[in-house]
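This report describes selected features of one protein model. The sequence and the structure are shown first, and the description follows.

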Amino acid sequence: MSSRRQRPEGGPDAGRVASHLAVMAAVAVVMGVLTACLAIPFAGLVGVAAKDVSAGMVDLPESLEAKDLSQKTRIYDVNGNLIASLYDQNRINVPLQSISRPMVKAIVAIEDYRFYDHGALDLRGTLRAFVTNQANGGSVQGGSSITQQMVKQTLLYQAETDEERAAATEETYARKIRELRYAIAFEKNHTKDWILERYLNIAYFGDGAFGVQAAAVHFFSKNAKDLDLLESATLAGLVKNPVGYDPVDNPERAESRRNVVLDRMAQLGVLTEKKAERLKSTPIEETLKIKNSPNGCQQSRAPFFCDYVVNWLLKDPVLGDTAKERRTALKNGGLTIRTTIDLDMQKAADTAVSTYVYPTDQAIGGLAMVEPASGDVRALAQSRPMGKDKAAGQTYLNYVVPKKYGDANGFQAGSTFKVFVLAEAINQGIPLSTSINSPESMQIEDEEFENCDGPYAGDGEGWNVSNSTGSGTFDLYSGTQQSVNTFFAQLETQTGMCKPLELAADMGVKVPLAQKVPSWILGVSDSNPLEIAQAYATFAARGLHCEPRPVTQVLDSRGQTLKDFATECEQVMPGATADAVNDILRGVMEPGGFGQNIAIDKPSAGKTGTNQNNMSVWFAGYTPEIATAAMVAGANQFGEWVSLNGQTVGGGYIAEAFGSTVAGPIWGDAMAAVSAKLDYVDFQAPPGDEIAGVLTGVPDVAGQSVEAATSTLEAAGFTVADGGQVNSEVGEGLVAYTSPTGGTSLSSGDTVTLYTSTGYVPPPPSSGDGGGNGNGNGNGGRGNGGGRGNR
């Protein structure tokens with residue numbers, strides 16, 4: 001006779017019964033309910049097993065910290081339209097009161113109908129599941145309470161290692177005991193509503209939707225608070241097996257499971273059997289309204305602007321002390337990010353760029369739009385789409401923003417740099433009518449150029465500069481409008497190199513040390529459309545330079561403000577100087593100017609740019625309300641820069657590329673498309689031929705109270721702005737300094753920024769890493785010979 005016990009027909013296996021009774025005994029011990037009526041038969045079956053498990057419980061922490069659940073971050077445009085979502089898990093937490101009553105009733109009915117009547121463990125439900133499962137020879141009903149399920153989900157969610165993840169899902173009684181211990185603590189420390197709310201927010205509902213709100217949006221395109229009975233039953237049925245009951249991939253199984261939920265609700269009296277039968281007759285496909293939630297910038301309506309926003313925020317410590325913490329906050333923090341992008345302008349930019357430069361061309365087109373007097377970035381577009389398919393022209397490099405935000409080196413900006421010398425010449429009192437004889441080519445010795453330390457010490461060979469736009473005698477108007485290289489080279493000998501370079505830096509264009517050579521004014525430094533657009537926006541704002549601002553506000557997952565991003569603006573030149581530059585550059589857009597064919601129906605000004613060998617061409621132009629820079633640069637499939645000459649770009653052949661003919665049409669189309677959004681605002685005329693004579697010195701108000709300083713500056717005709725606090729030895733609350741500083745000449749109405757002292761100067765750091773290396777290796781040799789003229 002075999003020693004194996006025979007299982008009676010229709011009866012449970014005695015070994016299986018014993019094993020299940022063992023865990024019940026352990027549970028009973030922990031719960032303090034191992035009374036005589038329960039303990040005697042259980043103990044007789046399992047011996048000391050219950051005692052051992054109970055002793056192990058003592059070693060567990062008394063409670064489990066429920067960390068905040070990850071939520072997706074949402075990025076909005078200036079008008080409140082969603083442009084992108086970022087997440088590791090598609091989840092939006094909602095309070096229990098924002099979840100519909102049918103949803104709450106459905107989940108309780110199918111998962112734990114006595115949830116509000118028992119503690120951490122539902123002994124009745126556990127015994128019922130045990131008996132049912134044994135009778136059916138497998139797992140038919142779950143015995144875990146909602147609290148226990150929430151604990152399991154929390155342990156799995158908070159697991160940081162493979163070992164912790166395995167422990168959270170292992171099919172052992174030890175795991176059940178751990179979950180029970182923590183469930184007891186949750187029941188002790190939190191309300192039932194809190195537990196149910198967390199459960200509904202942490203549960204996975206399938207197809208990438210975590211939590212009931214994300215599931216409601218994904219499957220039914222509505223909020224959780226609006227779920228009806230049929231939709232609620234569908235979602236409540238998913239949590240048991242989100243993959244197997246997925247209504248998209250397995251509609252028949254999903255419908256069957258939904259009907260089980262409806263039957264259970266009818267059995268419990270939540271709804272009538274008649275209503276349940278009527279609801280069950282509705283095909284599940286008729287209830288679905290799938291709405292996918294794109295994840296990441298690549299699926300955004302403005303991918304490269306989104307990418308710029310992400311990288312810009314990764315530099316801000318408000319989101320965390322380290323880059324890793326900030327990246328985690330962006331993808332899991334449930335942030336609301338309000339940005340400056342205008343989708344109408346973005347569409348205009350995208351259309352213009354894609355019309356003139358195709359993704360697979362041996363060229364890259366780019367465009368940026370910036371609002372003067374705020375720095376708000378309204379649009380960023382480039383010809384190569386975001387993606388990894390290089391054969392289709394895709395890239396992850398963002399060519400329209402500075403390298404620290406987009407990983408691209410940029411392109412030489414050509415004669416768009418000449419405006420810095422032009423503005424500084426006006427600052428220094430050089431009359432607009434100043435005439436300079438400018439031959440076709442000329443040699444200028446190094447020592448004729450002054451840098452900040454005296455005469456420029458070059459290689460001794462001087463600068464052999466030439467034109468492509470003819471020769472003759474030009475003044476500041478005609479020399480700029482014709483972009484005459486020899487005119488500007490001689491003008492630079494009058495202004496020196498130092499002050500124009502400082503002005504360029506103040507306007508957001510920093511020339512690397514290695515490229516601070518006389519020919520820098522021909523744009524031998526690499527730049528990008530955003531940098532050029534924000535610099536030219538300074539002229540549009542009458543000398544007020546504002547740092548580019550893509551984000552205005554970041555809110556946390558609770559809707560509380562993490563940070564408001566104020567404008568960062570400084571008056572870097574007198575308004576009258578900017579007025580003169582605007583008056584000169586508007587001539588580019590008028591008959592006879594290089595930009596006459598792309599002029600729009602609003603007053604505008606602009607400047608062309610073409611670098612050596614026609615490898616990149618530019619057009620930077622603006623109205624008083626928007627500044628736009630368009631660029632086309634030659635680049636082959638290997639990322640090597642090539643000449644645009646002889647290329648077919650945007651379906652058209654380019655014999656010889658110029659800013660006005662290749663980049664200009666992109667600017668013209670984009671600006672024409674947004675013109676309806678712009679007011680008709682004209683530039684202010686310059687006060688005369690010599691600007692310096694109409695300027696007023698800024699009073700020195702350092703050390704005064706804010707009230708007294710403001711009164712003094714306003715009496716002198718200036719606008720006063722608050723620059724915030726700075727560390728200074730000046731008394732706390734008093735003015736530490738102004739920008740521009742006292743004594744600087746400005747125009748009436750220009751902005752003077754006050755910086756208030758904290759009254760404290762922190763001690764210097766104990767060690768440092770020394771100064772910068774000044775490495776500006778951007779192929780500065782290009783353009784150092786004869787520069788190109790611009791058309």
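Which residue of strand 22 does Ala368 stand opposite? The residue facing Ala368 is Ala629.

The model is predicted, so that local features need pLDDT of at least 70 and side-chain atom pairs count only at pLDDT 80 or more, while totals for chains, interfaces and linings use all residues. Residues are numbered from 1 along each chain as its sequence is written, and side-chain values use heavy atoms, with hydrogens and water left out.

Helices (H or I, at least four residues) and strands (E, at least two) are DSSP runs, numbered from the N terminus. Two strands pair if DSSP finds at least two bridges between them. Strand 6 (residues 363–370) and strand 22 (residues 627–634) run antiparallel and are joined by eight bridges. Both belong to an open sheet of five strands, ordered 7-6-22-21-20, with antiparallel pairing. Strand 7 (377–382) and strand 20 (605–610) each have a single partner strand, so one side of each edge strand lacks a neighbour in the sheet. On average, neighbouring strands of this sheet are turned by 10° against each other, direction ignored. Helix 23 (residues 529–540) packs on the sheet and touches strand 6, strand 7, strand 20, strand 21 (616–622) and strand 22; contact means heavy atoms within 4.5 Å. The direction of helix 23 makes about 35° with that of strand 6.

**Nonpolar cores**

A nonpolar core is a set of buried Ala, Val, Leu, Ile, Met, Phe, Trp, Tyr and Cys residues joined through side-chain atoms within 4.5 Å. Buried means under 20% relative accessible area, exposed over 50%, and partly exposed in between (1.4 Å probe, protein chains only). The largest core has 101 residues, and Leu313 and Tyr622 have the most contacts inside it. Residues touched by Tyr622, not counting those up to four places away in sequence, include Tyr536, Phe539, Val581, Leu585, Trp667 and Phe683. A second, separate core has 52 residues, among them Leu64, Phe220, Val261 and Ala266.

**Helices**

Helix 4 (residues 101–111) and helix 12 (residues 251–267) have axes that come within 9 Å and cross at roughly 90°. Axes are lines fitted to C-alpha atoms, for helices over the stretch in contact, and angles run from 0 to 180 degrees between N-to-C directions. The two helices are therefore roughly perpendicular, a class covering 65 to 115 degrees. Residues of helix 4 in the contact include Pro102, Lys105 and Ile110, which meet a set in helix 12 that includes Arg257, Val261 and Met265.

Helix 21 (residues 485–495) is largely enclosed by the rest of the structure, because nine of its eleven residues are buried. Among the buried residues are Phe487, Phe488, Leu491 and Glu492. Just after helix 21, Gly496 takes a positive phi of about 80°.

**Backbone features in loops**

The bond from Ser739 to Pro740 is cis, with omega near -5°. Pro740 lies in the loop between strand 27 (735–739) and strand 28 (745–746).

Terms used: Parallel < 35°, antiparallel > 145°, perpendicular 65-115°, else oblique.
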